[in-house]
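Please look over the model below. A short briefing follows, grouped by topic.

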2 protein chains.
Amino acid sequence: MKVFIIGTGLIGGSFAIDIKAAFNEAVIYGVDQSQEHLDKALKLGIIDHKSDFENLTHADLVIVAIPVDKTVELLPIILDHVNDDSLVFDVGSTKQKLCETISNHHKRRNYLAAHPIAGTEFSGPQAAIANLYRGKTNIICEVEKTAFKLQERGMEVFSRLGMRIRYMDPISHDKHIAYVSHLSHISSFMLGKTVIEKEKNERDIFDMAGSGFASTVRLAKSSPAMWAPIFKHNKENVIETLQEYIANLTQFKKLMEEDDFDEIYNEMECTNHIKSILKGIS
Amino acid sequence: MKVFIIGTGLIGGSFAIDIKAAFNEAVIYGVDQSQEHLDKALKLGIIDHKSDFENLTHADLVIVAIPVDKTVELLPIILDHVNDDSLVFDVGSTKQKLCETISNHHKRRNYLAAHPIAGTEFSGPQAAIANLYRGKTNIICEVEKTAFKLQERGMEVFSRLGMRIRYMDPISHDKHIAYVSHLSHISSFMLGKTVIEKEKNERDIFDMAGSGFASTVRLAKSSPAMWAPIFKHNKENVIETLQEYIANLTQFKKLMEEDDFDEIYNEMECTNHIKSILKGIS
């Protein structure tokens, strides 16, 4: 099985590692606009060969793991290059714009819209790790638009990598993922910004920061090149989440100003049951 | 060494475990308003004996690990009960109000104001763990007001438990800790609230949540009984941090509304150097 990884960073590289381990016959070809990333991926043994779009015609499987704006731009071209029996899936964090862009492409049936809910705050080939996808949810959109035989190939890969599949339409996907993922990233970036601004002249104040602070700002380490396009693609949903988040924070501040600490206690207690909701996520 | 732990939960219980391991001769007495907690702490071997305020006169060391409002209420009474050679330290997350309350107490010299920057989102005796304090920062306020011999006893405990000491005045402590700890907790609670409110009718949407969401809302599992009093004690500083955080989120939303994704990219890139700041915190 010839597998082309477009974008050999954390997400694409981690797919490469797991697919190589799960399929004896897999040969991994890397395509990346960064020669440095390609060289690193080759040196680390993540890919077997460097390659390019011209060779996509030989691919059995193409995984597109680049920022979502680049995916919208390049997916039509990638589909133009692949053969009729090739499966192409992407792994982007927004799905509506991409599914719209590709809806009338003559090779739409070769494409599967996927979003594996997995990652870390790191990026680049050196961030790729084995078993990143094991036990994780993979959201598939518009599965009915993919050729049945190619759906099966995709499912075989996801299954061997240990992923749980959920099906969803692209509009619902983008709406809900704004709440459970995109908002967290903004919350974290702005928390980091607020504290850095305040403490810029007192660097050693971060000695006072504990694991709680580290946990809440962890996502502020994420790649802007990946996240700015996600916010752009999912603009309306993300703005809605921000409005609600800001309203809740403002209400909390108002309760504090009014010395209503009983209600603050209640607010926190009501949110405490996030414990049970989060069970199983780590 | 007779050690009295007032409040046998996560923080007090973890001190008990480590002190018992570090001092062969230590005997641990537990005092708690909850009989259930006391029984559990005894059963778990965290304390050696159940005790009460009347026995405090025998204490060599008293650790007050209860919510900050209760500490303000009970610390004067605890000091009334201890003998002249006893060291009492608290571990609360606010220091100004407490230091003010106790400033004219006739046993002020027996008290050391401490804030070990350590914890988890869990609570109760069953949450107590060994080595919670190893490598962590312990902030000591107004050290000069504690009897020298008793300072030494405290430092011996902190040193054997592997803590790094930083000295700070209570006003600075409360101001900076609002940024690097208290704001994180509100950010996390309100994030949890926003998402739970939105998705309350679609519970399985949390299947879409990944480790990023779990990390940002982890602190929303924290105990309201502990945190509501902290926000009350540190009201002015916390309101200031909230104002700045809300302003930054509002500015981010405005940039999105204006489609200024270049500036959004810049904002995130500027905050990315939190990576180097956070090095060493986990």
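Asn131(B) counts as partly exposed because 14 C-beta neighbours lie inside 10 Å. (Buried means 20 or more other C-beta atoms within 10 Å, exposed means 12 or fewer, and partly exposed is in between; C-beta atoms are placed from the backbone.) This is a predicted model: local features need pLDDT of at least 70, side-chain atom pairs count only at pLDDT 80 or more, and totals for chains, interfaces and linings use all residues. Residues are numbered from 1 along each chain as its sequence is written, while chains are lettered from A and ligands numbered from 1 in the order in which they are written.

**Positive phi**
- Asn131(B) is not a glycine, yet its phi is positive, near 60 degrees.
- Asn131(B) sits in the loop between β6 (111-116) and β7 of chain B. (Strands are DSSP runs of E, at least two residues; helices are runs of H or I, at least four; both are numbered from the N terminus.)
- Glu142(B), also not a glycine, has a positive phi of about 50 degrees.
- Glu142(B) lies in the loop between β7 and α5 (148-160) of chain B.
- Glu142(B) is partly exposed, with 19 other C-beta atoms within 10 Å.

**Contact between the chains**
- Chain B gives 78 residues to the contact and chain A gives 78 residues. (Contact means C-beta atoms, placed from the backbone, within 7 Å.)
- On the chain B side, α6(B) supplies the largest share, 20 residues.
- The copies meet through the same surface, because 100% of the interface residues of chain B are also interface residues in chain A.

Notes:
Two residues are in contact if their C-beta atoms, placed from the backbone, lie within 7 Å.
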